[in-house]
Amino acid sequence: MFINGCEQEANLPLQLHIEKKQSATETQLVSVNTESIPIVMYHSISNNQSNSLTVHSEVFYKQMEHLKNSGYNTITFKDLMSWKTDQSLPDKPILITFDDGYLDNFTVAYPILEKLQMKATIFATSDYIGSPNHLNWSQAKEMEQSGIIEIGVHTRHHVDLTKSNQLQLVDEISGAKQRLEKGLGHPIIAFAYPSGKFNKNVIQVVKRAGFEFAVTTKPGYAEKKQGYLTLHRVRIPGDQSLAAFIRKFP
């Protein structure tokens, strides 16, 4: 059924070496009164588990199936704008995210999400699009046009932004945003810090670039008090048991 991350790990290519169907009308909308929303962090979904950032396809399917059966409603960052503006959101909202833009996000994760009618966001490293083991433009467009996937920005080259000079910062953040927006033909509002590394200056460049949201690798549910450009996420390691996953998302 299934076809066979940003922290530094061995045996993964490129930047990892650096580090029931339900329609919108059927979804019950509630007044936004939650201060805490889970943002789940994945990287690679594959049957080749050579790295702790890789989740097996069957495990991923069971995790998504649990979320679906437990009443969670997957949303994108575009949907999350309602959280920011105190408008309505689905009951039990959750965001599924993938860092780096690996090919298996299209060949493995996307078919599972499409089957279960669950949304997700892929933070793509713009200059790696079309390179080996990564998404190409056609795949990114196909996923977005399905309404299942939203594309976010993960810099141009997956560099440590805290060690970049100002010109490189702008190029890596604004440059990546511009390239992805030109390639996909629409604005992009969400950003993910490579390896979760950022400082005040980096945040300011992200803000000036026009992003509405940015996510870190700090553990925990996302809360408004963290700041919309420094939201926390829940990392899902490849060796995590289903029972442990269920405890995180009851």
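What percentage of the 250 residues in the protein chain is buried? In this predicted model, where local features need pLDDT of at least 70, side-chain atom pairs count only at pLDDT 80 or more and totals for chains, interfaces and linings use all residues, buried residues make up 54%. Buried here means under 20% relative accessible area and exposed over 50%, with partly exposed in between (1.4 Å probe, protein chains only). Residues are numbered from 1 along each chain as its sequence is written, and side-chain values use heavy atoms, leaving out hydrogens and water. The chain holds 7 helices and 14 strands, taken as DSSP runs (helices H or I, at least four residues; strands E, at least two) numbered from the N terminus.

Helix H6 spans residues 200-208, and its buried members include Val202, Ile203, Val205 and Val206. These four lie on the same side of H6 because they cover an arc of only 160 degrees around the axis, judged by the directions from the helix axis to the C-beta atoms. The face turned away from that buried side carries exposed Lys200, Lys207 and Arg208. Cover for the buried residues comes from, among others, helix H5 (166-184), strand E11 (190-192) and strand E12 (213-219), by contact (heavy atoms within 4.5 Å). Just after H6, glycine 210 adopts a positive phi of about 100 degrees.
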